[in-house]
Amino acid sequence: MGLEARLKPGGWVTTKLEFFVNWARKYSLFQYPFVTACCGMEYMSVMCAHYDLARFGAEFTRFTPRQSDLLMVVGTINHKVAPVLRKVYEQMTEPKWVVSFGACASTGGFYDNYAVVQGIDKIIPVDIYIPGCPPRPEMVLDALVKLQEKIQKERFIDRL
Amino acid sequence: MSELVLNKLKARFPEAVLETHNQFGNETLVVKREAILEVMRFLKEECGFESLMDLSGVDHLPESPRFEVVYHLKSFKNGYRVRIKVRVPEEEPSVDSVVSIWKGANWYERECYEFYGIKFQGHPDLRPLLLYPEFEGYPLRKDYPHKKRQARIALLKPETR
């Protein structure tokens with residue numbers, strides 16, 4: 001950023017605490033991928049070198065919800081697995097965000113039948129929805145940037 | 001070669017075979033429900049069908065008998081297949097289990113039971129296989145309500161989403 005070059009030794013800057021904390025949070029999202037279906041392939045491609053989600057500060061995948069801030073629900077969620085998803089969400093510590101990845105997670109997709117939950121927002125709160133069957137990697141990158149904008153605007157009082 | 005199986009069965013079980021057809025070498029026999037075990041054992045032991053490739057249910061709702069169980073058999077030795085169908089009435093939806101002939105039928109029959117409610121007599125352990133335990137009804141029957149959902153946890157209300 002060049003900021004450190006401009007600062008003289010022993011210098012100082014001022015900022016707002018909320019702004020600074022949100023800035024730190026939005027560039028260090030630890031994700032928990034809850035992958036249940038074919039969208040998982042797209043998730044892998046978006047994490048790998050061609051598209052590389054790491055460029056936006058969300059490179060670190062944690063395989064326990066207790067260490068992660070971003071829940072990526074990737075794929076079809078059945079009523080059978082719904083209690084598991086709810087428990088995973090509840091185990092995450094605040095602050096936490098949820099991305100609904102793909103048509104099935106967002107609305108049930110074309111599975112309008114006895115088995116499939118018609119959108120994960122019936123089970124857990126969702127911050128960003130990504131449409132597409134499956135979504136293009138660019139859409140996932142765009143969703144992450146939009147989520148970062150959302151995080152930057154958050155106020156501490158809203159999370160109390 | 002495969003024509004032989006069809007003729008062989010018709011000759012051996014003249015009463016049990018209700019209907020046959022053979023299209024593009026794809027042989028199908030409709031067999032009487034009571035005779036299924038006998039026919040299947042004959043196919044395995046004397047016609048060389050050592051593999052049950054698939055077992056599935058069909059619901060022909062307005063028709064009677066309503067259900068149908070379809071068996072696909074394959075002989076690796078001779079390289080041919082045959083399809084056996086059994087019509088099952090709605091009033092008494094049960095067929096004899098073929099687990100005693102092919103062990104692999106076990107999970108197919110459990111699946112068919114939980115989705116269509118067709119009972120397989122003589123099955124060693126006829127429990128639901130894929131659905132969760134509190135699920136009620138048979139979801140692949142044509143009269144199962146299309147919009148019916150059986151949630152296991154309380155769903156969020158629209159205003160909290």
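**Chains A and B: a guided look**

Student: How many residues of chain A are in contact with how many residues of chain B?
Tutor: Keep in mind that this is a predicted model. Contact is judged here by C-beta atoms lying within 7 Å. On that basis, chain A brings ten residues to the contact and chain B brings twelve.

Student: Which classes make up the side of chain A that touches chain B?
Tutor: Happy to sort them for you. That side of chain A holds one polar residue, along with four charged and five nonpolar ones.

Student: Which strands stand at the edges of the open sheet in chain B?
Tutor: Start from the strand order, β1-β2-β5-β4-β3, in a five-stranded open sheet with mixed pairing. A strand with a single partner has one side left without a neighbour in the sheet, so the edge strands of chain B are β1 (17–23) and β3 (51–59).

Student: Within that sheet, which residue is the bridge partner of B:Y71 in β5(B)?
Tutor: Look at strands β4 (residues 67–75) and β5 (residues 80–88) of chain B, which run antiparallel and are joined by nine bridges. In β5(B), the residue bridged to B:Y71 is B:I84.

Student: At about what angle does helix α3 of chain B run to β3(B)?
Tutor: Helix α3 of chain B covers residues 105–116 and lies across β3 and β4. Its angle to β3(B) is about 5 degrees.

Student: Is A:E138 buried or exposed?
Tutor: A:E138 sits in helix α6 (residues 137–152) of chain A. Its C-alpha atom is 7.7 Å from that of A:Y51, 87 residues away along the chain. Because A:E138 has 10 C-beta neighbours inside 10 Å, this residue counts as exposed.

Technical notes: Residues are numbered from 1 along each chain as its sequence is written. Chains are lettered from A and ligands numbered from 1 in the order in which they are written. This is a predicted model: local features need pLDDT of at least 70, side-chain atom pairs count only at pLDDT 80 or more; totals for chains, interfaces and linings use all residues. Two strands pair if DSSP finds at least two bridges between them. Helices (H or I, at least four residues) and strands (E, at least two) are DSSP runs, numbered from the N terminus. Two residues are in contact if their C-beta atoms, placed from the backbone, lie within 7 Å. Axes are lines fitted to C-alpha atoms, for helices over the stretch in contact, and angles run from 0 to 180 degrees between N-to-C directions. Ala, Val, Leu, Ile, Met, Phe, Trp, Tyr, Cys and Pro count as nonpolar, Asp, Glu, Lys and Arg as charged, and the others, Gly among them, as polar. A residue is buried if 20 or more other C-beta atoms lie within 10 Å of its own, exposed if 12 or fewer, and partly exposed in between; C-beta atoms are placed from the backbone.
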